[in-house]
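These are my notes from one pass through a single model. I looked up backbone, sheet, ring and cavity entries in turn.

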Amino acid sequence: LFDDIDIPRRVSASASKATAMTELVAWLDAQRIDILHTHSFRPNLYARMAGAILKPHLGIVAHYHNEYADKWHGEALVLERRLAGITDVGLAVSDAVADHVTSGTGLRPRVLENGVDLSRVTGGCRSAGRAHLGVPEDAQVVGLIGRFCDQKGVDTFVAAAMRLCPVLPKARFVVVGDAEDQKLAMDLRQRIEVAGFHDRITFAGHTEGIADVYAALDQLVCPSRWEGFGLVVAEAMAAGVPVVASDVGGLPSVLGGAGWIVPPGDAAVLSTAIETVLQDPVIRARLIADAKVQVARFDWSASAKRLASVYENLRS
């Protein structure tokens, strides 16, 4: 299995492309690998190019987790289209990603939705989570969990929060995640400071105690501009947290009607949705109940069994 972490470990950064492919082929052959399972943009290119040399003895599974319109151009797209011909099985985390891959490469992936490790996201301590996030016990806590980057719509979340701070005095808005885009983080901090909401809208950074974080939230917001699946949405559903999410990619199918859907990039509409879900106990109860039904299909063991079936059919 090769993903974005494995590739740099297997091949030194200074290696040429030819050397990199040679090292990968040698490793696959020496380990007597039967099935090569690659993930996302770079490994789907590099590892499959190496694997192609060992065909037909090596089965190749290419897994797509997001939309790659920002990367699929020029030589990369040409390679993707050529490698589709030696790929035995394509997998996509949602119908939206499957359609995207087919339209871009001609490969027709089957959909294998991500699984959720329920033990990782449930059973958290609300008090501990709120203490970690630095919010009062009696606050209404709205959170965004994700990287600081354009994709995750953190700027839209902050803009919506700034609209709501004057009208929801008990509300606190928290972003949990690494600041991948440092400039964006600095710009948003400045906007919050100028508006005087530094104690109402906070950035918690990365945290390991994710179950406590979900327990601390009254609502999860996922205002992404694009999203292949939306694992945090499935995790929030499992943890019993109502969700407001963008109408993009795989998010609507993950929610399955058990969340409030809004257009991406519209802070005004997002703020209305956040306020409605936060203030209406009937809507909140319905979303939580519906989510408990929907999230059952993301059971970790069931997802693993579906993947095992792919492997078994490939080698039968």
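In which loop does S40 lie? I find S40 in the loop between strand 1 and helix 3. The model is a predicted one, and I keep that in mind throughout.

**Entry: backbone**

I looked up phi for S40 and got a positive value of about 65 degrees, although S40 is not a glycine. Most residues other than glycine have a negative phi, and most peptide bonds are trans. S40 has a relative accessibility of 15%, so I count S40 as buried.

I then noted R32, another residue other than glycine with a positive phi, near 55 degrees. R32 is found in the loop between helix 2 (17-30) and strand 1. R32 is exposed, at a relative accessible area of 73%.

I also checked omega. The peptide bond from K55 to P56 is cis, with omega near 5 degrees. I place P56 in the loop between helix 3 (41-52) and strand 2.

Four strands make an open sheet in the order 1-2-3-4, and the pairing is parallel. Strand 1 (35-39) and strand 4 (110-111) stand at the edges with a single partner strand each, so one side of each has no neighbour in the sheet. Strand 1 and strand 2 (residues 59-64) run parallel and are joined by five bridges. For H39 I read the bridge partner in strand 2 as H63.

**Entry: rings**

I listed the aromatic pairs and got six in the structure. For Y64 and W72 the ring centres are 6.1 Å apart and the planes stand at 80 degrees; edge-to-face applies because the angle is over 60. Y68 also pairs with W72, at 5.3 Å centre to centre and 40 degrees between the planes, and this pair is tilted. I therefore have Y64, Y68 and W72 down as one aromatic cluster.

Y68 is buried at 3% relative accessibility. W72 is buried as well, at 9%.

**Entry: cavity**

I searched for cavities of 30 Å³ or more and the structure holds one. The largest cavity has about 30 Å³ of space. I noted its lining as T156, P223, S246, V262, P263, P264, G265, D266 and L270.

I followed up T156 from that list. T156 is found in helix 8 (residues 154-164). T156 counts as buried because its relative accessibility is 5%, and the cut-off is under 20%. I left aside neighbours within four places in sequence and read the contacts of T156 as R225, G265, D266, A267 and L270. I note that G265, D266 and L270 are among the contacts of T156 and are also among the residues that line the cavity.

**Entry: confidence**

I looked up the confidence last. The chain has a mean pLDDT of 92, and 94% of its residues reach 70 or more. Over residues 7-14 the pLDDT is below 50, and this stretch has twelve contacts in the model beyond near neighbours in sequence. Where pLDDT is low, the predicted coordinates should not be read in detail. I leave those twelve contacts of residues 7-14 as a count.

Notes
Residues are numbered from 1 along each chain as its sequence is written. This is a predicted model: local features need pLDDT of at least 70, side-chain atom pairs count only at pLDDT 80 or more; totals for chains, interfaces and linings use all residues. Side-chain values use heavy atoms; hydrogens and water are left out. Rings of Phe, Tyr and Trp (its six-membered ring) pair if their centres lie within 6.5 Å; planes under 30 degrees apart count as stacked, over 60 as edge-to-face and the rest as tilted. Buried means under 20% relative accessible area, exposed over 50%, partly exposed in between (1.4 Å probe, protein chains only). Helices (H or I, at least four residues) and strands (E, at least two) are DSSP runs, numbered from the N terminus. Contact means heavy atoms within 4.5 Å. Two strands pair if DSSP finds at least two bridges between them. pLDDT is the predictor's confidence in each residue, from 0 to 100. On a 1 Å grid over the protein atoms alone, a cavity is a set of points where a 1.4 Å probe fits but cannot get out, and a pocket is an open set with protein on both sides within 12 Å along at least five of seven lines; lining residues have an atom within 4 Å of a point. Grid points are joined across faces, edges and corners, and a volume is the space filled by probe spheres set on the points.
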